[in-house]
Amino acid sequence: MADKITPRSEDYAQWYVDVVRAARLAEYSPVRGSMIIPPNGYELWENMRDGLDGMFKATGHRNAYFPLFIPQSFLAREAAHVEGFAKECAVVTHHRLKLDEDGALIVDPESKLEEPLIVRPTSETIIWDTYSKWIQSWRDLPILINQWANVVRWEMRTRLFLRTSEFLWQEGHTAHATEREAIEETRTMLDVYATFAEEWMAMPVIKGVKTEAERFAGAKDTYCIEALMQDGKALQAGTSHFLGQNFARAFDCTFQNQSGELEHVWATSWGVSTRLIGALVMTHGDDKGIVLPPRLAPVQVAIVPILGKEDTREAVLETARQIARDLVHAGIRVFLDDSDQHRPGWKFAEYEVQGVPLRLAIGPRDIENGVVELARRDTGEKESVAMEGLAQVISATLSEIQRGLYDRAKAFREASTRTADDYPAFQRLIEEEGGFVLMHWDGTAETEERIKTQTMATIRCIPLPGQFEGTDEPGVDPVSGKPSEGRVVFAKSY
RNA sequence: CGGGGUGUAGCGCAGCCCGGUAGCGCGCGUCGUUCGGGACGACGAGGUCGUGGGUUCAAAUCCCGCCACCCCGACCA
């Protein structure tokens with residue numbers, strides 16, 4: 001564990017890893033590219049999960065579970081899907097080990113599976129195989145199912161939370177009778193993600209559509225939310241796919257409509273993952289550690305009693321316990337650190353690294369004055385607050401921090417979003433400033449590819465109307481000189 | 001898969017060029033003093049130096065092979 005955090009200015013990538021590990025959100029596992037998520041990280045994920053799950057249920061979805069193993073042949077059914085995922089699959093080929101003559105443990109060649117099994121990289125195939133059995137009539141539709149699961153994608157390069165070979169996520173898979181209803185579902189879930197990102201994570205996002213090159217393998221349209229990290233690189237925070245009838249065709253999933261005709265089912269899928277934890281860290285973190293938005297923080301207030309001399313200890317502890325009880329009654333997530341292991345200064349630093357929104361210190365001096373010291377993680381401000389009515393002050397401050405973090409991140413994003421009218425200016429902005437760059441694009445994959453090769457920047461999304469002032473007005477693509485329907489969002493990305 | 005780097009105590013590292021009893025910081029254990037911004041003292045535990053071979057009286061150190069991991073690209077939630 002790092003005891004000091006590398007300043008972000010020196011090397012953001014290193015800062016990120018240091019801060020994730022120092023806050024004990026994750027550590028490296030013995031297996032390449034996968035991570036162990038200790039309680040600090042997992043409790044954060046649980047809070048995210050609860051928030052999202054509530055929103056899924058509120059939009060009519062139910063949870064279910066499908067198998068980890070997918071027969072290889074399933075993956076092959078949808079052409080684009082295979083192409084997208086074939087290169088990054090963990091494959092199970094045997095079901096038994098044995099000891100060889102030298103006593104070494106080896107894979108038993110006798111136990112070879114007839115058909116290899118893929119560890120799911122995503123579950124469209126197994127789910128659509130199932131749906132084809134569940135659906136006969138229009139009366140069976142829609143099916144609105146979500147699953148919380150782990151998936152494996154054997155990425156070439158990995159990074160804690162942002163791209164691990166195994167990750168936790170939710171994947172929604174819905175089946176609809178009409179194209180229109182499926183598209184509506186796709187958009188609804190995109191809105192759910194955007195709302196979650198902004199209202200829970202305090203992370204502003206751009207809603208948009210992916211270009212063909214960036215589209216999900218097997219999708220007709222991929223909608224996404226894109227966030228901007230503090231080093232000026234973009235991060236895809238969530239996606240919602242309109243799958244058309246692609247998977248229904250591949251898995252022969254039809255229903256009889258009200259006129260008695262057979263039709264293929266319309267599909268969507270959507271997901272967010274533990275990547276959101278990485279997004280949270282990179283959006284709000286500073287040189288002291290991570291900064292958690294109160295709405296998601298597993299601990300919202302850390303109470304540090306300052307025990308002082310022998311004769312004051314009991315009084316301080318008793319007061320601290322009483323405050324903790326009051327705050328819990330007020331619905332605030334509190335941790336009273338009454339451990340003898342460390343001195344107050346150590347605890348202060350520790351809760352700052354961990355991003356706890358508020359720290360409450362109470363010592364003999366405070367008790368005499370009927371106050372406590374309240375310190376904000378986001379601004380670093382400290383103030384004395386009367387014990388009388390403390391819970392209300394804390395609740396209000398937590399809300400203020402939640403809002404403040406969002407405003408700060410939004411201001412950063414706005415300051416980092418620039419417009420380019422010609423290609424040299426675009427190149428300079430991408431190279432020197434980073435951030436989002438809005439520029440006209442002719443809509444062709446050739447131009448997109450050319451820009452990517454020359455600048456490393458990709459089209460993060462074609463923003464939905466209303467995301468930016470004037471981006472949907474037509475113009476000219478400065479790279480190709482061809483007409484453009486509107487500006488799109490370019491950035492270097494994770 | 002290309003380019004770079006690193007493997008030495010739980011973690012972070014020095015030692016390697018120039019071979020000769022394996023070290024530092026943090027952490028850990030015991031005791032004491034401490035406790036309002038990462039405490040201090042004393043004593044202590046902990047290492048087949050990634051791995052296989054070679055050179056040598058002698059290898060963490062020199063030579064060859066292998067493996068693993070990290071970073072920068074291509075691929076991606």
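Predicted model: local features only at pLDDT ≥ 70, side-chain atom pairs only at ≥ 80, totals over all residues.
**Around the RNA**

In total, 43 residues surround RNA strand B. The closest are R32, M156, G345, G363 and R365. Several elements give two or more residues each to this surface: α1, β13, α10, α11 and β20. The largest share comes from α10, with eight residues.

| Element near RNA strand B | Residues |
|---|---|
| α1 | 12-22 |
| β13 | 234-244 |
| α10 | 344-353 |
| α11 | 364-369 |
| β20 | 371-376 |

**The sheet**

Now turn to the strands. Five of them form an open sheet in the order β18-β17-β19-β20-β21, and the pairing is mixed. β18 (334-336) and β21 (382-386) stand at the edges. Each has a single partner strand, so one side of each is left without a neighbour in the sheet. On average, neighbouring strands here are turned by 25° against each other, direction ignored.

Strand β19 covers residues 358-362 and pairs with β20 in the antiparallel sense, over four bridges. Here L358 stands opposite R376 in β20.

**Helices on the sheet**

Helix α9 (residues 310-329) lies across β17 (301-305), β18, β19 and β20. This helix runs at about 170° to β17. Helix α10 also packs on the sheet, where α10 touches β17 and β19. The direction of α10 makes about 170° with that of β17.

Key: Residues numbered from 1 in each chain as written. Chains lettered and ligands numbered in written order. Near = placed C-beta within 6 Å. Pairing = 2+ DSSP bridges. Axes fitted to C-alpha atoms, helices over the stretch in contact; angles between N-to-C directions. Contact = placed C-beta atoms within 7 Å.
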